[in-house]
Amino acid sequence: MTFYTEDYFLHQQQFNSIINYAVILVLIILVLINSFRYLHHQLQTRYRDLGIIYFLLLLIFAGLQITNLEKSYSQQSQSLQMRPFIRAVARDHNISSDKVVVNSTTLTDGIIVRFNKKDYRVNLSPNGDNYTLTRAHVVEHPVIIEK
């Protein structure tokens with residue numbers, strides 16, 4: 001079972017977005033280079049064909065990046081709810097927020113919270129403004145903590 005700390009939600013990495021931005025930048029440069037080559041050598045159509053191929057790849061990667069951004073914004077908005085929840089649990093139990101870990105990246109009813117080497121199931125109210133913790137026992141004992 002994987003648990004997440006408050007630092008995980010603070011520093012979620014956007015590695016895929018960085019790679020996509022780099023690929024898009026390279027493709028833009030390749031499209032520009034091939035456009036200049038085609039304009040300089042108008043009789044050689046291979047530069048035009050390469051430019052079209054690079055432009056189509058650019059459109060594909062731009063579409064993928066837009067999809068990734070939409071997914072990322074959705075995950076980020078859900079993850080933003082977890083940090084205040086972790087802080088509230090830590091404050092209510094007089095411990096540091098570094099000691100509280102959760103097994104989900106989104107705040108939903110039924111997630112597991114671990115602190116002081118004990119596991120608790122979260123029961124959220126219907127409107128999400130309060131919670132109760134009930135002692136739980138995890139079946140899958142090997143635990144991975146993502147920081």
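Guide: Buried means under 20% relative accessible area, exposed means over 50%, and partly exposed lies in between (1.4 Å probe, protein chains only). This is a predicted model, in which local features need pLDDT of at least 70 and side-chain atom pairs count only at pLDDT 80 or more, while totals for chains, interfaces and linings use all residues. Residues are numbered from 1 along each chain as its sequence is written, and side-chain values use heavy atoms, with hydrogens and water left out.

The pair in question is R114 and D119. R114 lies in strand β3 and D119 in strand β4; helices (H or I, at least four residues) and strands (E, at least two) are DSSP runs, numbered from the N terminus. A salt bridge requires a side-chain nitrogen of Lys or Arg within 4 Å of a carboxyl oxygen of Asp or Glu, and by this rule the count comes to one. It is formed by D119 with R114, whose closest N and O atoms are 2.5 Å apart. The two side chains also make a polar contact of 2.5 Å, that is, a pair of N or O atoms within 3.5 Å, where within protein one must be able to donate a hydrogen and the other to accept it, and residues adjacent in sequence count only if both atoms are side-chain atoms. D119 counts as buried because its relative accessibility is 7%.

The surroundings of the pair can be read from contacts, meaning heavy atoms within 4.5 Å. Leaving aside neighbours within four places in sequence, R114 is in contact with F3, K99, V100, V101, D119, V138 and V143. By contrast, S77 is 37 residues from R114 in sequence and 23 Å away in space, C-alpha to C-alpha.

A nonpolar core is a set of buried Ala, Val, Leu, Ile, Met, Phe, Trp, Tyr and Cys residues joined through side-chain atoms within 4.5 Å. The largest has 14 residues, and those with the most contacts inside it are F85, V100, V102 and V113. Two or more residues each come from α4, β3 and β4, and α4 gives the largest share, five residues. V113 touches, among others, F85, V89, V100, V102, Y120 and V122, not counting residues up to four places away in sequence. A second, separate core of five residues includes V101, I112, A136 and V138. Within α4, M82, F85, I86, A88, V89 and A90 are buried.

Most residues other than glycine have a negative phi. Just after α4, however, N94 takes a positive phi of about 55°; N94 sits in the loop between α4 (82–92) and β2 (101–102) and is exposed at a relative accessible area of 72%. K117, in the loop between β3 (112–115) and β4 (118–124), likewise has a positive phi, near 60°, and K117 is exposed, at 84%.

Finally, L64 lies in helix α3 (residues 45–80) and is partly exposed, with a relative accessible area of 42%. Together with L50, I53, L57 and I60, L64 makes a nonpolar surface patch of about 410 Å².

How values were computed: Patch = residues over 30% accessible without salt bridge, like charges linked within 9 Å, V, L, I, M, F, W, Y side chains within 5 Å. Areas by Shrake-Rupley, 256 points an atom, 1.4 Å probe, with all protein chains shown as cover.
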